[in-house]
Amino acid sequence: IEHGTLNSRPNRFIAKVLVHNQEITCHVKNTGRCRELLIPGVTVILEYHPDAKALGRKTSYSLIAVWKDSLLINMDSQIPNAVAAQWLLSGGLPGHSVTNIRREVTFGSSRFDLAFQCDGKPAYMEVKGVTLEDRGIVRFPDAPTVRGVKHVYELIKAVEEGCQAYLLFVVQMTGIHHFEPNTETHKEFAQALKAAQTAGVQIMAYDCIVTENSISIHQPVPVILP
């Protein structure tokens with residue numbers, strides 16, 4: 001882990017960061033807009049890859065987290081799926097028997113992040129990482145997501161076919177008041193969430209304990225739908 005100061009983000013995939021008084025190019029492990037986070041001058045957390053050349057990487061650093069005032073926010077878009085799988089393995093659905101956990105499982109015309117047996121019934125879970133925060137309120141998405149809307153309606157279809165379905169929002173920070181859909185950015189996604197709730201899809205949000213080199217799901221966050 002290295003600390004750096006963000007100079008610029010030329011495109012979605014890279015950032016220019018000042019480390020030990022030298023500007024380096026980093027891979028940004030989140031292709032979202034993140035405009036409220038990646039502001040020139042903020043302190044960012046980098047993962048150093050000493051074997052970058054052997055792995056065929058173009059840069060030895062990945063940007064994985066950012067300090068927003070006193071709040072440390074994980075930005076690695078691959079993390080939510082990993083911590084959700086770990087959470088399920090460690091009894092994340094109390095009162096239920098969860099077995100046969102698998103990742104990236106096809107259902108209909110979509111591929112869900114997780115599939116498992118829940119109390120002997122097939123279950124599917126779609127996981128969404130959340131980094132957009134404003135005064136203790138977190139929202140998703142930070143940009144329109146047609147793919148996200150499609151996933152929500154596929155979860156509804158899974159319920160209609162007798163399966164259990166879950167939509168888990170992994171809030172990549174702690175100290176949150178509640179979660180709500182970002183209606184202003186994508187009204188259709190908010191409408192899809194409401195339809196999913198009515199259809200029986202379990203919609204959950206959990207915050208995370210985030211350090212500079214670790215992240216783990218912590219506790220449930222209230223979900224408020226319009």
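Trainee: What relative accessible area does Arg111 have?
Mentor: This is a predicted model, in which local features need pLDDT of at least 70 and side-chain atom pairs count only at pLDDT 80 or more, while totals for chains, interfaces and linings use all residues. Residues are numbered from 1 along each chain as its sequence is written, and side-chain values use heavy atoms, with hydrogens and water left out. Buried stands for under 20% relative accessible area, exposed for over 50% and partly exposed for the range in between (1.4 Å probe, protein chains only). Arg111 counts as partly exposed, because its relative accessible area is 48%.

Trainee: Which residue does the side chain of Arg111 meet in a salt bridge?
Mentor: A salt bridge requires a side-chain nitrogen of Lys or Arg within 4 Å of a carboxyl oxygen of Asp or Glu, and the structure holds 6 of them. For Arg111 the N to O distance is 3.1 Å. The partner is partly exposed, at 40% relative accessibility, and its name is Glu104.

Trainee: Which residue forms a salt bridge with Arg135, and is Arg135 buried or exposed?
Mentor: Arg135 counts as exposed, because its relative accessibility is 76%. The closest N and O atoms of its salt bridge are 3.2 Å apart. The partner is partly exposed, with a relative accessible area of 33%, and this residue is Asp134.

Trainee: What relative accessible area does Lys128 have?
Mentor: Lys128 lies in strand S9 (residues 121-130), where strands (E, at least two residues) and helices (H or I, at least four) are DSSP runs numbered from the N terminus. Its salt bridge is with Glu126, the closest N and O atoms being 3.3 Å apart, and both residues are buried. Leaving aside residues up to four places away in sequence, Lys128 touches Phe140, Gly148, His151, Leu167, Leu168, Phe169 and Val170, where contact means heavy atoms within 4.5 Å. Lys128 is called buried because its relative accessible area is 8%.

Trainee: How many bridges join S9 to S12?
Mentor: Two strands count as paired if DSSP finds at least two bridges between them. S9 and S12 run parallel, and Met125 stands opposite Tyr166 in S12. The number of bridges joining S9 to S12 is 8.

Trainee: Which residue in S14 is the bridge partner of Phe169?
Mentor: Strand S12 (residues 164-171) has 8 of its 8 residues buried. Gln164, Tyr166, Leu168 and Val170 point one way, whereas Ala165, Leu167, Phe169 and Val171 point the other way. S12 runs parallel to strand S14 (residues 202-210), with 6 bridges joining the two. In S14, the bridge partner of Phe169 is Ala205.

Trainee: Which residue in S11 is the bridge partner of Glu133?
Mentor: S10 and strand S11 (residues 137-140) run antiparallel and are joined by 3 bridges. The bridge partner of Glu133 in S11 is Val138.

Trainee: At roughly what angle do the axes of H3 and H4 cross?
Mentor: Axes are lines fitted to C-alpha atoms, for helices over the stretch in contact, and angles run from 0 to 180 degrees between N-to-C directions. The axes of H3 and helix H4 (residues 187-199) come within 9 Å. The contact includes Val152 and Ile156 of H3 and Ala192 and Leu193 of H4. The crossing angle is roughly 10 degrees.

Trainee: How far apart in space are Ala115 and Gln164, C-alpha to C-alpha?
Mentor: Ala115 is found in strand S8 (residues 110-118) and is buried, with a relative accessible area of 1%. Ala115 and Gln164 are 49 residues apart in sequence, and their C-alpha to C-alpha distance in space is 9.9 Å.
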